[in-house]
Amino acid sequence: MISCRNLTRRYGDFTAVDNLNLEVDRGAICVFLGPNGAGKSTTVKMLTGLLPPTSGSVEVCGLDAAANPRELKRRIGVLPEDLGLFDDLTVEEHLLLTGAVYGLSREETHRRTTQLLHALSLEHGRHTFAASCSHGMRKKTSFAMALLPNPQVLFLDEPFEAVDPVTSKIMRDLLQAASRRGVTIFLTAHILSVAEEIASQIVMIRKGKIVWNSPAGELPQSLEAHYFDLVESPVVEELEWLGSPPS
Amino acid sequence: MARLAAILKALWRAFQRSEKSIASLAGNNFFLVAVLFLGKAGSFLFLIIGLVILFPLSTDPLRKIPPSRLGLWPLEKREQVLLRAISPWINPMTWAIVALALWAARGSVTIGLWAMAAGIVAAGFAVSELPLPKGAAMWRRMPHFPGPLDQLIRKNLREMLTTLDFYCALLLSLATALYRLFGPPLPAEAFMAMTVLVTIALSSYAQCLFGLDGDGGWSRYGVLPLSGWRILAAKDVAFLLVVAVLTAPLAPLTGMGAGLMALAMGRRTSVLDPRPQTRWRFSAGASPMYGIGQVILMAFAASSIFLTSWLIIFPCVVFWAGSLWWYGQKLEESAR
């Protein structure tokens, strides 16, 4: 469902993504891990047709992402890094906009909107403008927008960050149900425990290069230990002034 | 005071980094036109002084500090007041405009006028501290429009109604309409002139149509399966709707011609050089020279329609439609 061949993106002399090769099957939940600045968001942008690659090719849903970006956008759902919300629309209006733009009938849009608002506990805030929403509400709204058109592939950039535990559980359940019905999910994450729970495929990236790609069950050790070994180990620095009396 | 000095120093550095040339200093078309009339002084001076003071706030350097960060710093109330009062003067445009105003009003400034100016200064600075809504909560109710762009048009209307440009144009439109109803008869050309002035007050907004969408809105446009011209059309419908309503009591067709030209000319900076805007401020367009070009084209179209033939509206529509198509493609490229 997702296929990358020698995918590369350069910004001047800096190579953000370097010769990335990746295959994700239909119905898989692929978790893409890496430190900040490793190239995760750049990869997602190229996979969703938002950024043309410098070289290499991307195929999603059988479409060349660089050549058919608009057709691709009709078939995928995206939760962007910055959530992609308009301050001047309410939570509900964002969902109504999505249904109308993706060509759903008015009735179907309202039906799905009502269900998503209920499923994500957004009913009480449906008339709240995005500018006045908490970060968690904004993330849930953007997540609901990604699901509403019933996409073939979901791209989610850090969906579990800054959401409460109950919402996180609801989101995980929804994603696992979607995956069982054949929706392919590609998500980036920093919360390794959540990644370990839902992933069927684990990909790790470091400095633009893939350093690990396997089914989730084939990890040789815990995800956290493996991540620290391959990607980045925590730095331990003693800050002797921290907690000392003010001078 | 050391804290205040450190913050002002950081502000100065941030301001210098983002405003590297005189061309990048924000320009508001209505302000530019007001400056042209500055030498005429008279009763109009009151309005001009108001704009002179409000305009620098449209490029308020204090905006560069996120409010959440400002709220966390351990500043005394006195330091906060001083920061509010001093920070606009980091903007060299503030100094230039005040010097220009003083020069233009030389010899005719009375104590009463100074008192009025001081009041407007105080009010102008207070605007930044008012608890105005972040979004357009006060414009919750909006009409619906047919088609898939409904919510985008409603959003765009809400955005436009949270700029001072709209309220300035509304004031001009209402004042002229009331004068028309209750005052002595005016020559027909006066309505054309006021129509042009109303559209000029709105025209800087046409240079920054995406200014209030923010980063999130911009990335959403990239994700939506919409062609660029349709995204622009949703912006234009909202803009032209406001123009139509505000010029309805004046010279509506003339206003529409000027509005179409404002959009066609403003498209380049809106799409290729999008500038973030702040709510409850005047829109800050591109360079003053660009604004003057936009105003000249608007005035030319409006006067041609009013004085020659209403058929001139058709070339205006063609010009506007051409810019919609061309920059629609550019928008798709830049949103990717």
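B:G214 counts as buried because 20 C-beta neighbours lie inside 10 Å; by the cut-offs applied, a buried residue has 20 or more other C-beta atoms within 10 Å of its own, an exposed one has 12 or fewer, and a partly exposed one falls in between, with C-beta atoms placed from the backbone. This is a predicted model, in which local features need pLDDT of at least 70 and side-chain atom pairs count only at pLDDT 80 or more, while totals for chains, interfaces and linings use all residues. Residues are numbered from 1 along each chain as its sequence is written, and chains are lettered from A and ligands numbered from 1 in the order in which they are written.

B:G214 belongs to helix α11 of chain B, which covers residues 214-223. Helices (H or I, at least four residues) and strands (E, at least two) are DSSP runs, numbered from the N terminus. Between B:G214 and B:L178 there are 36 residues in sequence and, from C-alpha to C-alpha, 37 Å in space.

In chain A, four strands make up an open antiparallel sheet with the order β2-β1-β4-β5. Two strands are taken to pair if DSSP finds at least two bridges between them. At the edges of the sheet are β2 (14-24) and β5 (63-64) of chain A, each of which pairs on one side only.

Strand β1(A), residues 2-11, pairs with β4(A), residues 55-60, in the antiparallel sense over five bridges. Along this pairing, A:I2 faces A:V60, and A:T8 has A:S55 as its bridge partner. The antiparallel pairing of β1(A) with β2(A) runs over seven bridges, and here A:I2 stands opposite A:V24. These two strands, β1(A) and β2(A), form a hairpin with two residues between them, and A:G12 in the turn has a positive phi of about 65°.

Chains A and B are in contact through 27 residues from chain A and 24 residues from chain B, where two residues are in contact if their C-beta atoms, placed from the backbone, lie within 7 Å. On the side of chain A that touches chain B, α2 (69-75) and α3 (91-101) of chain A each supply at least two residues. The largest share of that side, five residues, comes from α3(A). By class, the side of chain A that touches chain B has 18 nonpolar, two polar and seven charged residues. Ala, Val, Leu, Ile, Met, Phe, Trp, Tyr, Cys and Pro count as nonpolar, Asp, Glu, Lys and Arg as charged, and the others, Gly among them, as polar.
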